[in-house]
Every structure is written in structure tokens, then in C-alpha cells.
Amino acid sequence: MDFQIALLLGQDGITNGAIYALLALALVLVFAVTRVIFIPQGEFVAYGALTLAMLQGGAIPATVWLLVIMGALTAAIDGSAALRSGQTKKLTGVLGWNLAYPLGLAGLLAVLPLKELPMLAQVLLALAVVVPMGPLMYRLVFQPIAAAPVLILLIVSVATHVAMVGLGLLFFGAEGQRTPPFSDARFEVGPLLVSGQTIWVILASLALIVALYLFFERTIYGKALRATAINRVGAQLMGISPSLAGKLTFVLAAFIGALSGVLIAPITTIYYDTGFLIGLKGFVAAIIGGLGSYPIAAVGAVMVGLLEAFSSFWASAYKEVIVFTLIIPVLLWRSLTSHHMEEEE
């Protein structure tokens with residue numbers, strides 16, 4: 001290996017690490033607020049990328065019909081609850097967000113010339129389809145068992161992942177998809193040739209991290225999520241709704257996942273089950289941070305990306321094994337240095 005190859009591998013590692021850092025942020029945030037180890041995080045990556053590919057092919061993405069079904073179920077549950085409690089004013093909002101929005105979006109996709117739209121419009125439409133699945137998933141799957149032990153939440157999370165992978169095969173088929181790059185530019189930085197898509201990935205990741213930092217530091221909803229992450233019971237006693245915190249957290253997780261899929265779709269071919277491996281590498285980074293510290297998880301994500309890149313050069317057949325083996329010494333060290341604590345009631 002010469003210096004130029006090392007630079008190229010380092011570029012790939014940092015690019016992948018930026019995506020893993022975003023996914024680690026989502027996993028840390030979801031676990032801190034809801035105690036859910038969010039295994040389906042990777043499926044939002046695949047759904048975002050493949051939904052965009054279908055839009056660019058001129059087809060109405062099948063994910064919009066999943067959104068309609070999830071919205072209808074949520075509207076039925078929340079609408080009947082509002083009627084039983086006599087809160088008829090709440091019924092309008094329930095039907096508007098959960099039923100009118102998905103149906104309106106499906107109608108819009110049916111009349112738009114999807115293939116001729118500019119790429120920015122296609123990306124926004126893909127996010128508009130995939131991101132609302134996050135809070136709907138929380139409402140239908142996790143909110144009814146929010147007080148369950150972490151192990152039960154993990155089992156349900158794994159079941160949700162399996163269901164989403166199966167639906168992905170039904171929606172998108174077994175063939176992989178790759179979307180056009182955001183930019184065809186090439187930049188020479190010394191001996192290194194940097195693609196425009198790589199710059200897009202790194203800059204978008206940094207911009208999203210900064211935006212999330214400002215959200216958590218400057219907005220009332222961000223501070224509410226921070227309070228819930230620090231002490232769920234205390235936040236609830238102070239009037240912060242656990243269900244609102246959970247839905248908002250899943251909105252952010254779905255947005256991060258879908259945006260990550262859109263960013264990497266021009267770099268690598270995405271299959272219906274690709275998201276699992278990508279999300280699992282983000283999970284390794286989150287474990288390095290103890291599912292509680294995002295700065296450490298971000299450093300771990302870059303480590304995972306670099307380890308993956310250099311492993312693909314030295315032992316490409318075993319690169320996944322090498323990456324996932326990294327979790328063993330981390331778990332061993334944490335088990336030896338942490339004290340056992342009973343799960344909070």
C-alpha cells in the first residue's frame with residue numbers, strides 16, 4: 001500500500017463514517033428518550049434511497065401506500081379515542097395529519113411528472129413519503145408498550161425490522177438501485193481526487209449535526225427531548241408528554257435515516273436489505289458511545305468507517321467480520337468498568 005492508496009481509503013472511510021455518525025446519533029437519541037434499541041433504523045436508509053430511485057424512474061413509490069395504511073390505522077385508533085373522550089376538536093387534527101396528508105401526498109404523486117422533476121423536488125418528495133413513517137411507527141408499535149422492559153422493546157424492534165425488510169422486498173424487488181450523483185464535479189487535493197458526491201455527504205452530515213445541536217440547545221422541543229433523555233419520569237412530572245417526545249424522536253430518526261439513504265444512493269447500490277448492515281455499523285458506533293454519548297459515538301463512527309475501508313483493501317472477504325468484531329472488546333471493557341443498575345421502573 002502506498003500513500004495515495006491510503007489517502008483514497010481514508011477518504012472512503014471518512015465518507016462512510018459520516019453516515020455512520022448520523023445513524024449513531026439517531027440510535028443514541030431513540031434509546032435515550034424511549035429506551036428502544038431501534039433495529040429498523042437501517043430500513044429507513046434503504047426506504048429513502050429506493051423511494052428516491054422509484055421517483056426518478058417515474059413510478060409512484062409503493063412506500064406511499066404503506067404510509068396511507070399506517071395513517072389510516074393511526075387515525076382509527078386516535079380518532080376512536082378522541083370520540084370516546086368527547087374531544088371532538090382533536091378529531092380534526094388526527095384525521096388531517098394521519099389520513100388527509102398521506103392521501104393528499106398519494107394524489108400529488110399520481111398527477112406529477114415525477115421523472116421530469118428536478119432532483120431537489122424528487123429528494124423532498126422521497127423524504128415526505130418516508131419520514132412520516134417514523135412517528136406512525138412509534139404510535140402503532142412502540143407507544144402501546146412504552147412502559148415495557150427493555151428486552152420486550154428489543155424483541156418488538158427486531159420483529160419490526162423483519163417486517164420492514166419483507167415489505168421492502170415486496171415494494172422494491174430483489175434488484176438493487178443506484179441514483180444519479182448530486183454533482184459530477186471532481187476536485188484535485190494534492191494527490192487525491194475528491195468527488196462532488198463525497199463533499200455532499202460530508203457537508204450534509206456536518207450541516208445536519210449542527211442543525212440538531214441548535215435544535216437541542218435553542219428550541220423548546222429540543223430541550224424537552226434532552227430533559228426526557230436525562231430523566232423520563234422527571235420530565236413527565238414537569239408536563240412533558242412521553243408520547244410527544246417519542247413521536248418527535250422517531251421523526252428525527254426517520255429523517256436521519258432517509259436522508260442518509262438519499263446521500264449514499266449515488267455512491268453504492270442499495271438493495272431492499274442493505275439498510276440492515278449499514279444500520280448495524282451505526283449501532284457499533286453507538287455501542288462505542290455506550291448508547292448515551294453522541295461525541296464518543298461520532299468518533300466511533302469514524303473509526304468504524306476507516307476500519308471498514310482499510311479492511312476492504314487488506315481482507316475484503318472479512319471486512320464485515322472485522323468491523324463487527326470491534327464490538328467485542330468494547331462490550332468487554334464496558335462490562336468490566338460499569339456497575340450493574342436495576343432498570344428504572
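Reply: The structure holds one cavity of 30 Å³ or more. Here, a cavity is a set of points on a 1 Å grid over the protein atoms alone, where a 1.4 Å probe fits but cannot get out. The volume of the largest cavity is about 60 Å³, counted as the space filled by probe spheres set on the points, which are joined across faces, edges and corners.

This is a predicted model, where local features need pLDDT of at least 70 and side-chain atom pairs count only at pLDDT 80 or more, while totals for chains, interfaces and linings use all residues. Residues are numbered from 1 along each chain as its sequence is written, and side-chain values use heavy atoms, without hydrogens or water.

The largest cavity is lined by Leu27, Phe38, Ile39, Gln41, Gly42, Phe276, Gly279, Leu280 and Phe283, each with an atom within 4 Å of a point. Two elements give two or more residues to this lining: α2 (41–56) and α12 (274–288). Both are DSSP runs of H or I, at least four residues long, numbered from the N terminus. The largest share comes from α12, with four residues.

The lining has six nonpolar residues, three polar and no charged.

Last, confidence. Mean pLDDT (the predictor's confidence in each residue, 0 to 100) is 84 for the protein, and 94% of its residues reach 70 or more. Over residues 341–345, pLDDT stays under 50.

Definitions and conventions
Contact means heavy atoms within 4.5 Å. On a 1 Å grid over the protein atoms alone, a cavity is a set of points where a 1.4 Å probe fits but cannot get out, and a pocket is an open set with protein on both sides within 12 Å along at least five of seven lines; lining residues have an atom within 4 Å of a point. Ala, Val, Leu, Ile, Met, Phe, Trp, Tyr, Cys and Pro count as nonpolar, Asp, Glu, Lys and Arg as charged, and the others, Gly among them, as polar.
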